Amino acid sequence: MKIDPSLEDKELKSSFPSLRKTVHHIWDAELAWLSRLKKEEVKWPPSAQFNNPSIDQFVNTSKDFLDYLSAKDENYFESSTSYKNIKGESFTTANHWMIMHCMNHSTFHRGQVVTILRELGVTEIPATDLINFIRQQ
């Protein structure tokens, strides 16, 4: 799916005012939660570390998330990780809840991306339902 680059920053009413800002929000959250799971420091916003970020880098983050978790055993998902949020507050959360939160968060905002795309006049939007992903595996 191709979109006119001039539409990426067109302001619309949504949680985030543009397609680019919505996608960056999803990406930053995935980068942050993956870093926390890896026990790495999170610099906010994480996407700022990339020069001229692209959709390929966003997709690679999702692949990195999958690769990282695929290498873990069942005990990892039941164990907990301590981390700090972007305000510097400390938390300890079970890894499976951190992962579920990140995926649920992404799902919510990906729905907004579809709505934004429709508002921008894009008519050819690929299916984003989980079952479609599962069927492709």
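The structure is a predicted model, in which local features need pLDDT of at least 70 and side-chain atom pairs count only at pLDDT 80 or more, while totals for chains, interfaces and linings use all residues. Residues are numbered from 1 along each chain as its sequence is written, and side-chain values use heavy atoms, with hydrogens and water left out.

Helices (H or I, at least four residues) and strands (E, at least two) are DSSP runs, numbered from the N terminus. H1 is mostly covered, with 15 of its 19 residues buried; here buried means under 20% relative accessible area, exposed over 50%, and partly exposed in between (1.4 Å probe, protein chains only).

Just after H1, Lys39 takes a positive phi of about 65 degrees. Lys39 belongs to the loop between H1 and helix H2 (55-70) and is exposed, with a relative accessible area of 61%. Apart from neighbours within four places in sequence, Lys39 is in contact (heavy atoms within 4.5 Å) with Ser80 and Thr81. The C-alpha atoms of Lys39 and Ser82 are 7.9 Å apart, although 43 residues separate them along the chain.

Aromatic rings come next. Rings of Phe, Tyr and Trp (its six-membered ring) pair if their centres lie within 6.5 Å; planes under 30 degrees apart count as stacked, over 60 as edge-to-face and the rest as tilted. The whole structure holds 5 aromatic pairs. In one of them, the ring centres of Trp33 and Tyr83 are 5.4 Å apart and the planes meet at 70 degrees, so the pair is edge-to-face. Trp33 lies in helix H1 and Tyr83 in strand S1 (residues 80-84), so this pair ties together parts that are 50 residues apart in sequence. Trp33 counts as buried at 13% relative accessibility, and Tyr83 counts as buried at 13% as well. Together with Phe91, Trp33 and Tyr83 form one aromatic cluster. The charged end of Arg36 sits over the ring of Trp33, 4.5 Å from its centre; the rule is that NZ of Lys or CZ of Arg is within 6 Å of the ring centre and within 35 degrees of the ring normal.

Charged side chains complete the picture. A salt bridge is a side-chain nitrogen of Lys or Arg within 4 Å of a carboxyl oxygen of Asp or Glu, and a search of the whole structure finds 3 of them. Arg20 forms a salt bridge with Glu8, the closest N and O atoms being 2.8 Å apart. Arg20 also meets Asp9 in a salt bridge, at 2.7 Å from N to O. Glu30 and Arg110 form another salt bridge, at 2.9 Å from N to O. This pair links distant parts of the chain, with Glu30 in helix H1 and Arg110 in helix H4 (residues 95-119), 80 residues apart. Glu30 counts as buried at 2% relative accessibility, whereas Arg110 counts as partly exposed at 34%.
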